[in-house]
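Subject: Structure for you to look at

Hello,

Here is the structure I said I would pass on. Please open it next to this email and follow along.

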Amino acid sequence: MAWILLALPLLNGCLVHTRTVKRAKMPSVVMTASADQLVKVINDRCDEIHSLSTTVDFQLTEGGPRKGKEQTYTSFSGYILQRKPGSLRVAGYWPVVPLPAFDLATNGESFKLWIPTRNKVFEGSNAVTKESSNPLENFRPSVFADSLLVGCIAPDDLVTLTSETRTELDAKSKQPMIQPDYDLTVVRRRGNSQELIPERVIHFRRTDLQLYQEDVYDAKGAIQTTAIYGPMRTFGQQKFPGTVTIKRPLEELQILITIQKLTVNLAISDDKFELKTPETVTIQRLD
C-alpha cells in the first residue's frame, strides 16, 4: 500500500480524471453546547407545554423497498388533543365528506381505535406485551404523543453527546451547505452487563441549537420511530414546528402532519379522551 501511494504522483495524467464540483459552504454561525445544556433545552421545552389542541392535515405514505412500491394518499383534515402525562385523542376525516376516517383515544394506559368504514374497534394496552406478525398491530398511541411533544430527560438517564456534519443542497441557491449537528443519545444499561442500549437520539442543528429530529429505538436496537420537525411557526404567542413527519421504517409507513391551528396549555376535560362507538361494531383485542 505504501508503494502504491508513493507511485501515485508518477502516474500518467490519462489515468486520472478530474471534475469540478461545487464547494460546500460553511454556515456563518456554528454554536457549541455541552450535553447538560442540551438536556436543559429539552427539559425546558418539555416543562413549558402541558397540553395542546391542534387542527391538522394528515398525509399518509405507505410502502418502500421491501414492498416494492410506494403509495401516497390524498391529505385529509383532523385534530389532535394531547394532555400530559398520557391522554391523547387523534381523529381524521375523509377529504370529500365530513365523516370520520378514524378516531383514536387513550387515557395513557389503554386505547381504542375506531375505523368506521370497517365497523371495527381495536383496543388494548398502550404497551405492546406480545409483538404481532402484522407490524401495524404493534402501532400504539405513543407514536403520536412522543413525536409531537419530545419527552423530558430524567436526572438518572444516561446520555452521550457526539457531533457530525451533513452536506445538504440549499433549496433556493442549489449551493451545497455543510450542516454541523449535535446528536444527544439517551441510553440505558442492559441488566448488569456493560452493554448500553440506545433509547432515543435527539438531533440538534448547531446553527441555532434547535432540535430537528428524534429517533426512538426498540428493545432490539432498531429505529422504531423517527420524528422530523419542520421550520418553526408562530401560533399566537407559541412557537411550534409547522410540520411533524412521523416515519415508521419497520412498517414502511410515513405520516406527515401539517399544523393549521395550535393552542397550548388549555384545560382539557377527561371526557374529550373518551371514545364512544356504536354498539354494533366488531371489537378486536390487541395485546
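Below are notes on the cores, a surface patch, the aromatic pairs and the salt bridges.

This is a predicted model, in which local features need pLDDT of at least 70 and side-chain atom pairs count only at pLDDT 80 or more, while totals for chains, interfaces and linings use all residues. Residues are numbered from 1 along each chain as its sequence is written, and side-chain values use heavy atoms, with hydrogens and water left out.

Cores

A nonpolar core here is a set of buried Ala, Val, Leu, Ile, Met, Phe, Trp, Tyr and Cys residues joined through side-chain atoms within 4.5 Å. Buried means under 20% relative accessible area, exposed means over 50%, and partly exposed is in between (1.4 Å probe, protein chains only). The largest nonpolar core has 46 residues, and Phe58, Ile80, Val90, Phe144, Phe240 and Ile257 touch the most other members. Strand E16 (residues 253-264) gives the most to this core, namely six residues. Strands (E, at least two residues) and helices (H or I, at least four) are DSSP runs, numbered from the N terminus. A second, separate core has five residues, including Trp114, Val121, Leu275 and Val281.

As for Ile80, its contacts (heavy atoms within 4.5 Å) include Phe58, Val90, Leu148 and Ile257, leaving out residues up to four places away in sequence.

Aromatic pairs

Rings of Phe, Tyr and Trp (its six-membered ring) pair if their centres lie within 6.5 Å; planes under 30 degrees apart count as stacked, over 60 as edge-to-face and the rest as tilted. The count by this rule is three aromatic pairs. One of them is Phe58 with Phe76, a tilted pair with 5.7 Å between centres and 35 degrees between planes. Phe58 is in strand E1 (residues 51-64) and Phe76 in strand E3 (residues 76-83), so the pair ties together parts that are 18 residues apart in sequence. Phe58 is buried at 3% relative accessibility, and Phe76 is buried at 15%.

Why is the pair of Phe76 and Phe102 edge-to-face? The planes of the two rings are at 85 degrees, with the centres 6.2 Å apart. This pair links strand E3 to strand E5, across 26 residues. Phe58, Phe76 and Phe102 form one aromatic cluster.

Salt bridges

A salt bridge is a side-chain nitrogen of Lys or Arg within 4 Å of a carboxyl oxygen of Asp or Glu. There are 11 salt bridges by this rule.

- Arg45 and Glu48 have their closest N and O atoms 3.8 Å apart. Both residues are in helix H2 (residues 35-48), and being three residues apart they are separated by about one helical turn. Arg45 is partly exposed at 28%, and Glu48 is partly exposed at 36%.
- Asp103 and Arg89 have their closest N and O atoms 2.8 Å apart. Asp103 is buried at 8%, as is Arg89 at 11%.
- Arg200 and Glu214 meet at 2.9 Å, N to O. Arg200 is in strand E10 (residues 196-205) and Glu214 in strand E11 (residues 211-217). Arg200 is buried at 13% and Glu214 at 3%.

Salt bridges that share partners also join Arg166, Glu168 and Asp181 into one network.

Regards
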